Amino acid sequence: MTINYGKLLASQRNWFSTGKSGEIGFRIKALKILKQTIIKRTDEIMAALEKDFGKSRFETFTSEIMAAIEEINLAVKNLHSWAAPLRVKTPITYFKAKSRIYYEPFGVVLVISAWNYPFQLTITPLIGAISAGNCCVVKPSELSPNTSKIVTSIIRDSFPEEYCAAVEGGIEETTALLKEKFDFIHYTGSTRVGRIIAQAAAEHLTPAVLEMGGKSPCIVDDTADLKISARRIAWGKFLNAGQTCVAPDYLIVHKAIKAPLLQALQEQIKAFYGDAPEKNSDYCRVISQRHFDRLSTFLKNGAIVSGGTTDRDQLYIEPTLLDKISWDDPIMQEEIFGPILPVLEYEDLSEVIATINGHSKPLALYFFSKDKQAQKRILREVPFGGGCINTTLMHTANPHLPFGGVGESGIGSYHGR
Ligand code: NAD
C-alpha cells in the first residue's frame with residue numbers, strides 16, 4: 001500500500017493560510033488546551049511509558065510530563081515578547097529610518113521523534129511549533145507504541161487535524177511524510193537516520209533542526225570531589241537505563257583517582273538501585289531485543305568491575321562498569337545508549353583533548369574538576385553541543401539554554417525561545 005499524506009498536508013496548508021495559527025491569542029489558547037489535556041491524561045501517559053520500557057512513574061512525571069508542562073508555561077508567559085518585532089540599530093547614514101526584525105511562522109512543520117524520552121521529545125517540539133505560529137504534523141517513534149498511541153490521542157483531543165495532527169508508524173510512514181514538502185522539519189534520532197532526513201529535506205530545500213546523538217565524554221581529573229562526582233555520574237548514566245542521548249557515554253579518568261572513583265561509583269549504583277536492580281521499579285528496561293543483543297556483546301569488552309548480569313526475556317541489563325577499555329574496543333566505536341559505562345584512564349589533559357577532538361563532535365560533555373584553569377581549557381578547546389562542569393544532564397533542564405548538538409551530533413537547537 002502506498003501511503004499518501006498529500007491530503008493532510010493540503011488541509012493544513014489551507015488552514016495555515018487563514019492566518020489563525022499565527023495570532024498570539026490563538027497560540028496561547030492552543031498551548032493552554034494542550035497543557036490541560038496532558039494534565040487530564042497524566043496517569044495514562046505514565047502507564048504507557050511503563051508498558052513501553054518499564055520507565056518508573058516518578059521518572060515519567062518529572063523527566064517527561066513536567067518537562068513538557070514547564071516548556072508550555074515558559075512559552076505562555078513569554079510569547080508576547082518573543083513574537084514582538086525586534087528593534088535594531090540603523091546606521092547613521094540612513095538617519096531617520098527605523099529597522100525591525102519581524103518574526104513569522106514557517107507554515108507546516110513536521111516533527112519526527114525518538115523513543116527514549118518518547119513523550120517529551122514529541123511534545124516539546126510541538127510546543128515550539130505552536131508557539132511560533134505553525135501548523136504541525138507529529139510522527140512519534142514506533143519503538144514506543146503505547147506512548148505513540150497516547151500522544152496521538154492527546155493531539156486529536158486537543159486540536160482539529162488541519163491545525164495539528166499525529167501520524168503513527170515507522171520507516172514507511174516517515175518516508176512517505178518526507179516526500180511531502182514541509183516548511184520546517186524537527187527531527188530527533190540517530191545520526192544515521194539524520195542523514196536520510198537531511199537528504200529528504202534538501203530535496204525541497206526545507207530547513208531542518210536535527211537533534212542527534214554520539215559519544216558524549218565524561219572527564220574526571222585528580223582534583224574532583226570523588227563522592228559527588230560518582231553520585232552525579234551514576235545518576236546521569238543509569239537514568240533511563242543509559243538510554244539518554246546526553247548520558248555520559250564513557251568515562252576518562254585521571255590515573256591517580258581511577259581506583260577510588262570506581263569504588264565510589266559502585267557504592268552510588270548500590271545506593272540508587274540496591275543489590276537487585278532487576279527488582280527496583282526505578283530502574284527501567286532496554287527498549288528492544290535488537291538493542292539488548294547489541295548491548296550484550298559490549299559486555300565482552302575489557303573487564304567487568306561491577307554489574308554485567310542480563311535477562312533477555314526481561315530486556316534487563318544490570319548497571320555495569322567496564323575497566324581496561326581501549327579506544328580500539330567495539331564499545332568505543334559507536335554510541336552505547338545503554339547501562340554500560342566503559343572507563344578509560346589518562347595522565348595528561350592535553351591527550352584527552354586531542355583524543356576527543358579526533359572524533360566526531362559530541363552532543364554533550366561533562367568535566368569534573370576543581371581546577372578553574374582546566375575547566376576554562378576544556379570549554380575553550382573542545383567543541384560540543386552542551387554540557388556541565390561538575391554535574392551531568394542538568395543543562396538540558398534549563399529552558400533558558402538552547403539544546404542541540406554540533407557537527408554529527410546535531411544541527412540547530414530548541415527549548416525556550
Ligand atoms: P532512530 O534514528 O532509529 O529513529 C528516529 C526516528 O526516525 C523514528 O521516528 C523512526 O521512525 C524514524 N526512522 C527510522 N529509520 C528511518 C528511515 N530509514 N527513514 C525515515 N525515518 C526513519 O533513533 P531512535 O532509536 O529512536 O533514537 C536513538 C537515537 O536518537 C540515539 O542516537 C540518540 O542519541 C538520539 N537521540 C537524540 C536526542 C537529542 O535530542 N539530540 C534525543 C533522543 C535521542
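Analyst: Angles under 35 degrees count as roughly parallel, over 145 as roughly antiparallel, 65 to 115 as roughly perpendicular, and the rest as oblique. Axes are lines fitted to C-alpha atoms, for helices over the stretch in contact, with angles from 0 to 180 degrees between N-to-C directions. Helices (H or I, at least four residues) and strands (E, at least two) are DSSP runs numbered from the N terminus. The model is predicted, with local features needing pLDDT of at least 70 and side-chain atom pairs counting only at pLDDT 80 or more, while totals for chains, interfaces and linings use all residues. Residues are numbered from 1 along each chain as its sequence is written, and side-chain values use heavy atoms, leaving out hydrogens and water.

Helix α2 (residues 24–40) and helix α4 (residues 57–83) have axes that come within 10 Å and cross at roughly 170 degrees. The two helices are therefore roughly antiparallel to each other. In contact (heavy atoms within 4.5 Å), the α2 residues include Leu-31 and Ile-38, and those of α4 include Ile-69 and Leu-79.

The open sheet has six strands in the order β5-β4-β3-β6-β7-β17, with mixed pairing; strands pair if DSSP finds at least two bridges between them. Its edge strands, β5 (164–166) and β17 (410–411), each pair on one side only. Strand β7 (residues 208–211) runs antiparallel to β17, joined by two bridges; Leu-210 has Ile-411 of β17 as its bridge partner.

Helix α1 (residues 6–16) lies across β3 (108–112), β4 (135–139) and β5, at about 150 degrees to β4. Helix α6 (residues 145–158) lies across β4 and β5, at about 155 degrees to β5.
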